[in-house]
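Please find below a colleague's note on the structure under review. It is set out as numbered points.

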Amino acid sequence: MANPKFSDEFKMNAIKLANNRGDRSLKDIAKELNISKSSLDAWLRNHREQLNQLSSDSKHWSAQEKLLAIAESHALTGEELSQWCRMKGIFEHQLKAWKREFIEGSEKKNSNVQTAELKTLKDKNKALEADLKRKNKALAESAALLVLSKKFNALISGEED
């Protein structure tokens, strides 16, 4: 028995049905369409590869689009998230990578800001320590002059007596 040929339109309809299957299994979808599950699996795999190729080659998501996708999918879990990803033509692992990039990017930016602030504070501290050292020397010199002045006045006043 020869393998039946299916039209591209039939394959796309089967893929859409499989992607929007809800709680039903692929086996149930294949049975409903009167095709083998392995054929449906192959069509889905090819379709995903094409979508992945499109999303990595021609669809370069901007940072704003990625952030919007992260926000839209944030509350979704399990099947809802899978269905949302299929609709957008992305994979869950891409979404997770975008989240990681966003978090690491903001942490790096915060780190750069903190590093700049730390450098400014260190420079200011160094200047204040130099100023304090200069003032301590001046204070010690003034104290020494005061002591010498008092001794000198005591010597002079002692000679006059």
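The points below take up a pocket, a loop residue and a surface patch.

1. The model is predicted, and the remarks that follow should be read on that basis. The largest pocket holds about 170 Å³ of space. Twelve residues, given as 12, line this pocket, and those closest to its centre are Arg 48, Ser 82, Arg 86, Ile 90 and Phe 91.

2. As to secondary structure, at least two lining residues of the largest pocket come from each of helix H3 (37-57) and helix H5 (78-88). The greatest contribution is that of H3, which supplies four residues.

3. Phe 91, one of the residues closest to the centre of the largest pocket, is located in the loop between H5 and helix H6 (92-160). Its relative accessibility is 22%, so Phe 91 is classed as partly exposed; the cut-off for a buried residue is under 20%. Between the C-alpha atoms of Phe 91 and Leu 81 there is a separation of 9.6 Å, the two residues being 10 apart along the chain.

4. Which residues form a nonpolar patch on the surface? The patch consists of Leu 67, Phe 102 and Ile 103, which together have about 270 Å² of accessible area.

Note on methods:
Residues numbered from 1 in each chain as written. Predicted model: local features only at pLDDT ≥ 70, side-chain atom pairs only at ≥ 80, totals over all residues. Heavy atoms only, no water. 1 Å grid on protein atoms, 1.4 Å probe; cavity = no way out; pocket = protein on both sides within 12 Å on 5 of 7 lines; lining within 4 Å. Points joined across faces, edges and corners; volume = space filled by probe spheres on them. Patch = residues over 30% accessible without salt bridge, like charges linked within 9 Å, V, L, I, M, F, W, Y side chains within 5 Å. Areas by Shrake-Rupley, 256 points an atom, 1.4 Å probe, with all protein chains shown as cover. Salt bridge = Lys/Arg side-chain N within 4 Å of Asp/Glu carboxyl O. Buried < 20%, exposed > 50% of the residue type's maximum accessible area, 1.4 Å probe, protein only.
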